[in-house]
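Take a moment to look over the model before reading on.

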Amino acid sequence: MTASSLPIVPHWIDGAKHPQSGGRTAPVYDPARGIQTKSVALAGASEIEAAVASAKAAFPAWSGLSLARRQTVLFAFRELLESRKHELAEIITAEHGKVLDDALGEISRGQEVVEFATSLAHHLKGEFSEEVSSGVDVYSIKQPLGVVAIISPFNFPAMVPSWFFPIAIAAGNTVILKPSEKDPSAALWIARLWQEAGLPDGVFTVLNGDKEAVDGLLTHPDVRAVSFVGSTPIARYVYETGTAHGKRVQALGGAKNHMLVLPDADLDLAADSAINAGFGSAGERCMAISVVVAVDPVGDELVARIRDRVAGIRTGDGRRGCDMGPLVTAEHRDKVASYIDVAIADGATVVTDGRRIKPDGEPGGFWLGPTLIDHVPTTSRVYTEEIFGPVLSVVRVPSYEAAMELIDHGAYGNGAAIFTTDGGAARRFQREVQAGMIGINVPIPVPVATFSFGGWKDSLFGDVKAHGPEGVRFFTQVKTVTSRWHDPAQGGINLGFPQN
Ligand code: NAD
C-alpha cells in the first residue's frame with residue numbers, strides 16, 4: 001500500500017468527521033511493525049476556524065444546561081468507557097506501541113478523572129458570607145470560561161487529555177483537543193464515545209495538526225484557556241505565546257525524575273521499583289524514573305539486583321503479552337539509542353545495552369531494549385538531558401546531602417522518590433526536596449484524581465496544576481456577588497464604603 005492510499009485520520013468538528021481542505025498530512029506508524037498504517041490530517045486556517053466556531057456556538061446551550069443534566073452525560077460517558085476500554089487500548093497499542101496492559105492502565109487513570117468530574121456539582125459550590133455589612137451578603141459563584149483548548153503529547157493519548165476534558169466539560173466549557181500527530185486515533189474514538197453518551201455536538205472537538213494548529217489555537221481570540229502537556233521547550237513557548245494573547249495557560253513540561261536509595265532501603269523493593277518505573281511504557285513517561293541515585297555503600301548490590309531483573313524483561317509487540325513495547329518512531333528510537341554512545345564516551349559503564357536485544361516482534365519495529373548505565377557522570381548529557389526512553393542511569397553519591405544537592409540543581413522538578421526504611425529520613429526528604437510530586441517507597445507518585453498533578457521548575461509553566469481542586473480552579477472563573485435587598489428604612493446617600 002502506498003502512503004497516499006492509506007486511511008487519513010480526520011478532524012472531528014460539530015459532531016462529525018471533518019474533511020481536510022488542504023493537502024497537509026503526517027504519517028502515523030505501527031511502531032511494533034515499523035510501518036506506516038495511516039496518515040493524519042494537519043489543520044490549516046480553515047479547519048482551525050471551523051473548530052473554534054463550532055465550539056463557540058455550542059457554549060451557550062451547554063453552559064446553560066443544569067449541572068444535573070451535564071452530570072447525566074458524564075455518567076453515561078463513564079459507563080461506556082468502562083465497558084469498551086479494551087477497544088481504546090488496542091488503538092493506543094497500535095499507534096503508540098505500549099503493551100496492552102499498560103494502555104489499559106492509562107485509560108483507567110484517565111477514567112478516575114471522569115469519575116471525579118461526575119461529582120463536580122460539589123466542587124463548583126461557591127462561598128457565602130451573610131451580613132458582611134448591614135443587610136449585605138457576599139457570595140461567590142464559579143462559572144465556565146468558554147472555549148478551552150487541550151494540546152497533548154504522544155506518550156499518553158488517552159490519559160493526558162483525560163486529565164483536563166472531563167472537568168472542563170462538566171464545568172460547562174466547550175473543548176478543542178489537539179492530540180499528538182503521532183497517535184491521533186484515540187482522540188477520535190473518545191469523541192465518538194462522547195456523542196454516544198449524549199454530549200451535544202460542538203462541546204468536544206478534535207483538531208488534528210502540528211505547530212500550525214497549536215499556533216492557531218494559542219492566538220485565536222475566542223479561545224479562553226489552554227492546557228498543554230509536552231516537552232519543556234514547547235511548554236515554555238506555549239505558555240509565553242498563550243499568555244501574551246490574553247489566555248489562561250497551564251503548560252506541563254518535561255522531566256528527569258530521581259529515585260534516591262538510602263543504604264537502609266529494602267533493596268529488592270527498590271530494584272523492582274526502579275525496573276517498573278524506568279522501563280514501563282519503554283521509559284516514555286513523564287513520571288518515569290530516569291536516574292537512580294545510590295547512596296554509598298548501596299551501589300554495587302543495587303545495580304546487581306537491577307541488572308538481574310533487566311535480563312528478565314521481554315521486549316516485543318505489545319499485542320503478544322510482552323513486558324515492554326517499541327519506541328514511538330524510528331527517529332525517537334535512534335535518538336534515545338544515541339545516548340548509549342554518549343555514555344561510553346563520557347566514561348560511564350554500560351551494564352546492559354538495549355541495542356543488543358532480540359525482540360518478540362517484527363524486525364522492522366522501532367526496538368530498543370532496556371538499557372542500564374552505571375557510574376553516570378553528572379556532567380554527561382545522559383544525566384542532564386531528558387532521554388524519554390528505556391535508559392536507566394545510576395549515579396553514585398557519598399551521602400543523602402550529596403543526593404539532595406543533585407536533585408535540587410536539576411532544571412526539572414516533576415517527581416522524585418526516596419526508598420528507605422527510616423521514617424525520619426523520608427519525612428526530611430518530603431520537606432526539603434524541590435519537586436512537585438514525591439514518592440516515599442513509591443517510584444511513580446502520580447497523584448489520584450482527587451489531588452492535583454503537576455511539577456515544579458521547568459516541569460510546569462503557569463501556577464495551576466492538572467485535575468483535582470486545581471483543575472476545577474483552572475476551568476472556572478469566580479464571580480463574587482455583593483447583594484443587598486433593601487429595607488426601605490435604610491436609604492440615604494453615603495459616598496464612602498459601607499463600614500458597618
Ligand atoms: P512535544 O513537545 O513534541 O509535543 C507536544 C504537543 O506539542 C503535541 O501536540 C505537538 O503536536 C505539539 N508541538 C510539537 N512541536 C511544536 C511546536 N514547535 N510548536 C507548537 N506545538 C508543537 O512532546 P511529545 O514528544 O509529544 O511528548 C513527550 C514530552 O512530553 C516529554 O518531554 C515528556 O516529559 C512530556 N510530558 C510531560 C508530562 C507532564 O505531566 N509534565 C506528561 C506527559 C508528557
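**A walk through the model**

Start at threonine 174, which lies in strand S9 (residues 174-178). Helices (H or I, at least four residues) and strands (E, at least two) are DSSP runs, numbered from the N terminus. This is a predicted model, in which local features need pLDDT of at least 70 and side-chain atom pairs count only at pLDDT 80 or more, while totals for chains, interfaces and linings use all residues. Residues are numbered from 1 along each chain as its sequence is written, and side-chain values use heavy atoms, with hydrogens and water left out.

Is threonine 174 buried or exposed? Threonine 174 counts as buried, because its relative accessibility is 0%. Buried means under 20% relative accessible area, exposed over 50%, and partly exposed in between (1.4 Å probe, protein chains only). Which residues does threonine 174 touch? Leaving aside residues up to four places away in sequence, they are Ala55, Ala58, Phe59, Gly146, Val147, Val148, Gly202 and Val203. Contact here means heavy atoms within 4.5 Å. A polar atom of the threonine 174 side chain lies 2.8 Å from the backbone oxygen of alanine 55.

Now turn to a sheet. Its 7 strands run in the order S15-S16-S17-S14-S13-S19-S20. The sheet is open, and its pairing is mixed. Two strands pair if DSSP finds at least two bridges between them. Strands of a sheet pair through backbone hydrogen bonds, either parallel or antiparallel.

Look at the edges. Strand S15 (349-352) and strand S20 (437-440) each have a single partner strand, so one side of each is left without a neighbour in the sheet. On average, neighbouring strands are turned by 20 degrees against each other, direction ignored. Axes are lines fitted to C-alpha atoms, for helices over the stretch in contact, and angles run from 0 to 180 degrees between N-to-C directions.

S15 and strand S16 (residues 371-374) run antiparallel, joined by 3 bridges. Threonine 352 stands opposite leucine 372 in S16. Helix H9 (residues 267-279) packs on this sheet. H9 touches several strands, among them strand S13 (257-261) and strand S14 (289-295). The direction of H9 makes about 170 degrees with that of S13.

Stay with S13. S13 and S14 run parallel, with 5 bridges between them. Histidine 258 stands opposite valine 291 in S14. In a regular strand the side chains alternate between the two faces of the sheet. Both faces of S13 are covered: Asn257, Met259 and Val261 are buried on one side, and His258 and Leu260 on the other.

Next come the empty spaces. Rolling a probe the size of a water molecule over the atoms shows where empty space is left. On a 1 Å grid over the protein atoms alone, a cavity is a set of points where a 1.4 Å probe fits but cannot get out, and a pocket is an open set with protein on both sides within 12 Å along at least five of seven lines. Lining residues have an atom within 4 Å of a point.

The structure holds 5 cavities of 30 Å³ or more. The largest pocket holds about 960 Å³ of space. Its lining has 37 residues, and the closest to its centre are Phe154, Lys182, Gly230, Ser231 and Ile234. Which helix gives the most to this lining? H8 does, with 5 residues.

Conventions: Polar contact = N/O pair within 3.5 Å; in protein donor to acceptor, adjacent residues only side chain to side chain. Points joined across faces, edges and corners; volume = space filled by probe spheres on them.
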